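Here is a short report on one protein model. It covers a sheet and the helices packed on it.

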Amino acid sequence: MAARHVPVLLDRVVALLEPALDHPDAVLVDATLGLGGHSEAVLTRCPLARVVGVDRDPQALAMSRERLAPFGDRFTGVHAVYDEIPDVLADLGLPEVAAVLFDLGVSSMQLDLPERGFAYAVDAPLDMRMDGSTGPTAADVLNTYSAAELARILKQYGEERMARRIADAVVRERAKEPFTSSGRLVELLYDVIPAPARRTGGHPAKRTFQALRMEVNDELRVLERAMPAAVEAIGVGGRVVVESYHSLEDRLVKRVFADATRSTVPDDLPFVPEGAEPSYRLVTRGSELADEGEIEENPRAASVRLRAIERIRPSDRSRSGTSGKGAA
């Protein structure tokens, strides 16, 4: 399975990373390792680079370690959540890295395993934890959140117009019997969402399942912590590349990148004083989208937004003693 899956925009992502990984001991942090497709491509096409692969899912980590074993010590797998990047780098003795990659959302492996509960196409336990060893499940959320809390996450994370109607129905039905399986939730959604609304926007369960997954895994708050840490972690010439699939994720990435590249010099100043230039530049113009051919081959690409940023000047930390481009 791992060998057959091709990540979204793989060639473009590797092309964006390559300039930062063209020197000895360059290190890429693949912050969302998954099945290791991006890491495999980087290790193959960037022979000087090493990869530190981070994933909160022990099952995905085990599979990617097996896939990437031929690269020997050029690959290091770490069980962690990607907002723990500073701790991961400290543990590995890396003061900075050459690149960080995020491919956000749920992985193909998680969707393909019914017992994980991410997919609405089959009846399965309502789990949805990316790390199945810890934290509340989707069933816990459905069975314990108030109607107002459920409506909030459905509207915010799922952009579900019927959020309150669904939340009220969940609270009403769980009083009869707690939710345990995805099949029962899908049946409820078919009953609650009117037929005209079901005919647009894909499967009627898509938005609710997305919202539950994002809540269970605390995805936005984790990303809020991870993005500034990743931007700070790269050395001069280093790049952060992000693929997002949700408007809230993309807006967060856009804001962090805009803050990093914004000049603090007043607009009416006729020149930029030396040392006052931004430390980063945008590599992509806005967000890049997948073309029709990519979407036809990989439907998940339909919603992708790709952004990249590069550090062009050292920070005060770098000037005070750490090495320049890349990581040792």
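## A parallel strand pair

In β5, D103 finds its bridge partner in E243. Strands β4 (residues 97–103) and β5 (residues 234–244) run parallel and are joined by six bridges. Two strands pair if DSSP finds at least two bridges between them. Helices (H or I, at least four residues) and strands (E, at least two) are DSSP runs, numbered from the N terminus.

The model is predicted: local features need pLDDT of at least 70, side-chain atom pairs count only at pLDDT 80 or more, and totals for chains, interfaces and linings use all residues. Residues are numbered from 1 along each chain as its sequence is written, and side-chain values use heavy atoms, with hydrogens and water left out.

## The sheet

Seven strands form an open sheet with mixed pairing, in the order β3-β2-β1-β4-β5-β7-β6. β3 (75–79) and β6 (280–282) stand at the edges. Each has a single partner strand, so one side of each lacks a neighbour in the sheet.

## Helices on the sheet

Helix α1 (residues 10–17) lies across β1 (26–30), β4, β5 and β7 (305–311). Its direction runs at about 165 degrees to β5. Axes are lines fitted to C-alpha atoms, for helices over the stretch in contact (heavy atoms within 4.5 Å). Angles run from 0 to 180 degrees between N-to-C directions.

α3 also packs on the sheet, touching β2 (49–55) and β3. The direction of α3 makes about 170 degrees with that of β3.

## Inside α3

In α3 (residues 58–68), A60, L61, S64, R67 and L68 are buried (under 20% relative accessible area, 1.4 Å probe, protein chains only). They cover an arc of only 125 degrees around the axis, which puts them on the same side of α3. The arc is that of the directions from the helix axis to the C-beta atoms.

Methods. Buried < 20%, exposed > 50% of the residue type's maximum accessible area, 1.4 Å probe, protein only.
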